[in-house]
Amino acid sequence: MTNGNKRNVVIKGTGHAVPTRVLSNFDLEKMVDTSDEWIRTRTGILRRRIADEHTATSDLATEAGRLALEDGGVSPEQLDLIIVATITPDMFFPATSCLVQKNLGAWGAACYDLSAGCSGLIYGLDMAMHSITSGAYNRALIIGADCLSKITNFQDRTTCVLFGDGAGACLVEGADRAGVLASYLGADGRGWEKLLIRAGGSRHPASPATLEAGWHYIEMCGNDVFKFAVRIMVEASLKVLADAGLEPEDIDLFIPHQANIRIIESAAHRLKLKDTQVYVNVDEYGNTSAASIGIALDEAARSGRIKGGDRVLLVGFGAGLTWGAMIIEWVDKDND
Ligand code: UT7
């Protein structure tokens with residue numbers, strides 16, 4: 001959808017948090033039959049951050065959220081809504097967003113979690129935008145946060161080299177001018193088995209047998225997800241560009257989900273984007289799932305890579321299968 005003439009939303013603040021512990025490709029060489037060379041050339045990843053045994057998703061989400069509030073100059077009590085996008089909640093219930101609310105002291109906020117895999121932050125931003133433009137809410141904190149290391153089999157070299165932990169947050173507020181120029185979400189549940197955790201839910205409740213089978217770990221059809229990712233990132237980007245009446249060259253910064261440098265480069269090439277238009281940090285963090293776009297957005301904003309008036313294109317894909325894209329006109333907070 002486009003968001004031309006009606007009440008809109010702007011991003012007032014961003015934040016991110018990652019664990020301090022670094023797991024390098026060389027560390028992984030000692031754990032599974034892999035090599036730094038394979039990981040670097042096939043994925044672009046050099047290292048990733050891994051949460052310790054005392055850290056859960058809500059801890060990283062709270063820190064990212066706190067920084068976004070600070071960045072936007074908004075106090076926790078002023079929040080109306082907290083959405084946490086995650087596939088690694090602290091527990092089945094209560095929602096991780098309720099734990100974040102407790103940690104922040106955001107007593108006026110309604111809270112829910114959202115499961116859209118690595119598309120989660122864009123799903124959350126889209127939901128918040130509609131909640132705010134409807135007039136029901138005015139300020140929302142959207143946090144994409146995951147600790148994939150907690151659901152990764154570190155004996156499976158086809159998955160364990162890819163993932164890392166982190167959280168990225170956006171503070172969103174109602175405004176009378178265009179902030180979100182276009183937004184688009186999609187899903188195809190026929191691809192549910194391409195990327196999943198098989199057990200622990202109501203289909204296969206956790207049991208000694210599911211543990212024995214390793215069904216509490218991520219399973220992925222890497223090649224199928226790769227092909228889907230390149231196709232859908234291009235399609236979703238072209239859709240929001242068309243909706244906003246823009247061309248790829250009008251985009252100041254393209255922030256794709258950081259899963260694999262080859263996916264990012266293929267999509268950017270097909271969109272005819274220049275390297276300078278594309279944000280990449282997959283080398284540092286690996287694939288942090290719902291956190292990835294939020295971490296990149298916060299880094300780009302804080303480092304001055306995005307300035308007031310810039311047009312930023314976010315695009316993600318993930319388990320479900322799901323996808324989402326959004327074009328945001330950036331607000332210079334200092335001159336707001
Ligand atoms: O956020 C969404 C989540 N997931 C993704 O975005 C993942 C999308 N997929 C990918 O990024 C890629 O498909 C992977 C990085 C997962 C795999 O790369 P690939 O180039 O598609 O490799 P492949 O699966 O075709 O495997 C090629 C070879 C295989 O060996 P053989 O059968 O050719 O002898 C694998 O066994 O590489 C082997 N291999 C490894 N070798 C060393 C797979 N993983 C590793 C490894 N180290 N870690």
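Predicted model: local features only at pLDDT ≥ 70, side-chain atom pairs only at ≥ 80, totals over all residues.
Reader: Why is aspartate 275 called exposed?
Author: Its relative accessibility is 71%. Exposed means over 50%. Aspartate 275 therefore counts as exposed. The residue lies in the loop between α9 and α10 (282–285).

Reader: How far apart are aspartate 275 and phenylalanine 254 in sequence and in space?
Author: They are 21 residues apart in sequence. In space, C-alpha to C-alpha, they are 9.6 Å apart.

Reader: What makes serine 289 buried rather than exposed?
Author: Its relative accessibility is 1%. Buried means under 20%, so serine 289 counts as buried. Serine 289 sits in the loop between α10 and α11. Its phi is positive, about 55°, although it is not a glycine.

Reader: What is the phi of lysine 272, and is that residue buried or exposed?
Author: Phi is near 60°, a positive value in a residue other than glycine. Lysine 272 is in the loop between α9 and α10. At 70% relative accessibility, against a cut-off of over 50%, lysine 272 counts as exposed.

Reader: How do you know that the span of α3 is close to the expected one?
Author: Helix α3 covers residues 57–72, which is 16 residues. The expected span is 1.5 Å times one less than the number of residues. That gives 22 Å for α3. From first C-alpha to last, α3 reaches 22 Å.

Reader: Which residues of α3 are buried, and what do they pack against?
Author: Buried residues of α3 include Leu60, Ala64, Leu67 and Gly72. The buried residues pack against β1 (8–17), α4 (96–104), β6 (139–147), β7 (165–175) and α11 (292–302). After α3 comes glycine 73, with a positive phi near 65°.

Reader: Why are β1 and β5 said to stand at the edges?
Author: The open sheet has five strands, in the order β1-β7-β6-β4-β5, with mixed pairing. β1 and β5 (110–114) each have a single partner strand, so one side of each is left without a neighbour in the sheet. Neighbouring strands are turned by 20° against each other on average, direction ignored.

Reader: What makes β6 and β7 count as paired?
Author: A pair needs at least two bridges. β6 and β7 have nine, in the antiparallel sense. They therefore count as paired. Arginine 139 stands opposite glutamate 173 in β7.

Reader: How do you know that β4 and β5 pair?
Author: Five bridges join them, and the strands run parallel. The cut-off is at least two, so β4 and β5 pair. Isoleucine 83 stands opposite tyrosine 112 in β5. Together, β4, α4 and β5 make a right-handed β-α-β unit.

Reader: Which helix lies across β1 and β7?
Author: That helix is α11, running at about 95° to β1.

Reader: How do α8 and α9 pack?
Author: Helix α8 (residues 222–244) and helix α9 (residues 261–270) pack at an angle of about 35°, with axes 9 Å apart. The crossing is right-handed. Among the residues that meet are Phe226 and Met233 in α8, and Ile263 and Ala267 in α9.

Reader: What is the omega of the cis bond from phenylalanine 93 to proline 94?
Author: Omega is near 5°. Proline 94 is in the loop between β4 and α4.

Reader: What kind of peptide bond joins glycine 320 and leucine 321?
Author: The bond is cis, with omega about -5°. Leucine 321 is in the loop between β12 (311–318) and β13 (322–329).

Conventions:
Residues numbered from 1 in each chain as written. Heavy atoms only, no water. Helix = DSSP H or I, 4+ residues; strand = E, 2+ residues; numbered from the N terminus. Buried < 20%, exposed > 50% of the residue type's maximum accessible area, 1.4 Å probe, protein only. Contact = heavy atoms within 4.5 Å. Axes fitted to C-alpha atoms, helices over the stretch in contact; angles between N-to-C directions. Right-handed = clockwise from strand over helix to strand, strands pointing away. Left-handed = near helix turned anticlockwise from the far one by under 90°.
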